[in-house]
Amino acid sequence: MSSTVLRRGGPAVAAAALVSVALAACGSSGSTPQPPGAGAGSGGSSYDSIITGGPKADASAISASSWAQAVQKQGYLRRGGTDTGPLFSLKDPATGRVTGFDAGLSQMLAHYITGRTDVPNLEKLTITTVDTRETLLQNGTVDAVFATYTITPARAQKVDFAGPYYESGDAIMVKKDNSTITSVDDLHGKKVATESNSTAALALKQKVPDAQVTLFQTDEECQAAVQQGRVDAYVLDQGILVSDASTNKQVKVVGQPFTQEPYGIGLPKDQGGAKQFVNDFLKKIYSDGSWAKLWKATIGTIVSGNPPTPPTIGSAPGS
Amino acid sequence: MDVVTGHVGYILGGFLVTVELTLLGYVGALLLGTVLAVFRVGPITPLRIVGAAYVEFFRNIPLLTFLILFVFGLPDVGLTFSLFLSSAVCLAMTGAAYVCESVRSGINAVPVGQAEAARAIGLSFSKVLRLVVLPQAFRTMVPPLVNVFIGMALGSSIAAAVGVAELTNRTQQLNLEYAQAVVTFLVAGAFYVAMAFLGAGGGRWLERRLGARR
């Protein structure tokens, strides 16, 4: 959701927010400009070679899981997710391809099972929202959900989580000239915006119950609310805020992440050894370096430094 | 079901906001829409043009689009209204276009002889409207105005998109925490149905009352 066009502030932000909401309202056809520097992850041959360079499952592993057998039979993975998530799962309007860290992992898993190398056709994306993710897994519309899906015990009662495969945390964005908010403790009694389908709203409720939380639908709207002074701060995943602030000179990101968000792969509950199978896949891509390569090509285009150590499988409550 | 029983106050609070939004929007739409309808049936050409232009604009722009422009566009020219007020005003302005057309069709349904007779005994334009045409027109307006009410009650859920903590927004917040979309949306849906049902019932009551006087 980041692009240089929408960062100039003023009417441009409002117009961009409008466009993105209008598109979101039309459903799955949302097309959003690429974040700067994400070209490496936008579906070029290097991105594809990371996917196809991933491991392939043994026949014995697949035959042990009826879930994997079904995916192998259909020849692609039916993924639930989004196509408007910068760095994680974003559609390039020019090529129509969805790429990013979540998208890449899903494609890598599909390649792991099917062995096919035509990356654009490895997954079929169904757009999910917070309101539909569990239901779409339960009724079998999708095989798996990769959607910056935070593992929580409440959700784990309805679906299985493989992973965590990534750990993130919420940070704070304020206007450039704001010097009163530097950490989560400064948010008491303040107006705070966040995205309506993020877990940041829950984190805020726990850490600063007296903050006035306003939920907007998109990242652009939250940013516009900060710029226009409608809210004092905007809380969301640090990676996304940093990427926003890298192109929007009117805002800045303060403090260190104050939550731990373990992202997991949502799978149908107790079905065909899916959880065990996908966890084995994650262990393989952790150890052979595919996970780190994918991180570098996607999140690593915004976050500097070396890829972090992948989180330990099963370490989050609910996974 | 725990998610509902444990948050009755929270859900009811959201419903209250929805009711407030709907009523504020509807009253605003009735007032503005009636004025516009008078413009449209009146003899003054510039006002007729204003009325027609208003209806064509607001009937043809999606409420969500208008709301986002209102909420995120106006601050750029120095006007910042609260999210609730913005939503109520947008609902009223969009609803007014529909009210205007309902009222206009009601006025047109009154036989032209009524107005001619009123003019013949020397009543002014405003008296013709107020004493002769509108009271008769109101009967035929009730069903379409009830439609507008129901449309606005359901349409108020769009305010959730700009962060107003009304019924839909709170339902989404509950889902975030408890992952119980089916149950929570069923409950929210029941509230909307109840509100629409009440609106329709009120409409039937009005029709009966007005019909008896005929």
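Residues are numbered from 1 along each chain as its sequence is written, chains are lettered from A and ligands numbered from 1 in the order in which they are written. Because the model is predicted, local features need pLDDT of at least 70 and side-chain atom pairs count only at pLDDT 80 or more, while totals for chains, interfaces and linings use all residues.

Q: How many helices and strands does chain A have?
A: Helices (H or I, at least four residues) and strands (E, at least two) are DSSP runs, numbered from the N terminus. By that count chain A has 12 helices and 13 strands.

Q: What share of the residues in chain A is buried?
A: A residue is buried if 20 or more other C-beta atoms lie within 10 Å of its own, exposed if 12 or fewer, and partly exposed in between, with C-beta atoms placed from the backbone. Chain A has 319 residues, and the buried share is 56%.

Q: What percentage of the contacts in chain A with a separation of 6 or more comes from residues 24 or more positions apart?
A: Two residues are in contact if their C-beta atoms, placed from the backbone, lie within 7 Å. Among contacts in chain A with a separation of 6 or more, residues 24 or more positions apart account for 74%.

Q: In what order do the 5 strands of the open sheet in chain A run?
A: Two strands pair if DSSP finds at least two bridges between them. The pairing in this sheet is mixed. The order is β10-β9-β11-β8-β12.

Q: Which residues of β11(A) and β12(A) are partnered with A:M173?
A: β8 (residues 170-175) of chain A pairs with β11 (residues 233-237) of chain A in the antiparallel sense over 4 bridges. β8(A) also pairs with β12(A), antiparallel and over 4 bridges. A:M173 stands opposite A:Y234 in β11(A), and its bridge partner in β12(A) is A:V253.

Q: Is β8(A) mostly covered or mostly uncovered?
A: Of the 6 residues in β8(A), 5 are buried. The strand is mostly covered.

Q: Which strands open and close the order of the 3-strand sheet in chain A, as its edge strands?
A: The sheet is open, with antiparallel pairing in the order β2-β3-β4. β3 (residues 89-91) of chain A and β4(A) pair over 2 bridges, and A:K91 has A:V98 as its bridge partner in β4(A). The edge strands are β2 (84-85) and β4 (98-99) of chain A.

Q: Is A:L267 buried or exposed?
A: A:L267 lies in strand β13 (residues 261-268) of chain A. Leaving aside neighbours within four places in sequence, its contacts include A:L137, A:A144, A:V159 and A:V278. Because 25 other C-beta atoms lie within 10 Å, A:L267 is buried.

Q: How far apart are the C-alpha atoms of A:L267 and A:A156?
A: The two residues are 111 residues apart along the chain. Their C-alpha atoms are separated by 9.8 Å.

Q: Which element gives the most residues to the side of chain A that touches chain B?
A: In all, 29 residues of chain A are in contact with 23 residues of chain B. Elements giving two or more residues include α1 (11-25), α6 (133-138) and α9 (219-227) of chain A. With 8 residues, the one that gives the most is α1(A).

Q: How are α3(B) and α5(B) oriented to each other?
A: Axes are lines fitted to C-alpha atoms, for helices over the stretch in contact, and angles run from 0 to 180 degrees between N-to-C directions. Angles under 35 degrees count as roughly parallel, over 145 as roughly antiparallel, 65 to 115 as roughly perpendicular and the rest as oblique. Helix α3 (residues 45-60) and helix α5 (residues 83-109) of chain B pack at about 125 degrees, with axes 9 Å apart. They are therefore oblique.

Q: How are α2(B) and α8(B) oriented to each other?
A: The axes of helix α2 (residues 8-41) and helix α8 (residues 167-178) of chain B come within 7 Å and cross at roughly 155 degrees. The contact includes B:Y10 and B:F15 of α2(B) and B:L167 of α8(B). The crossing angle makes them roughly antiparallel.
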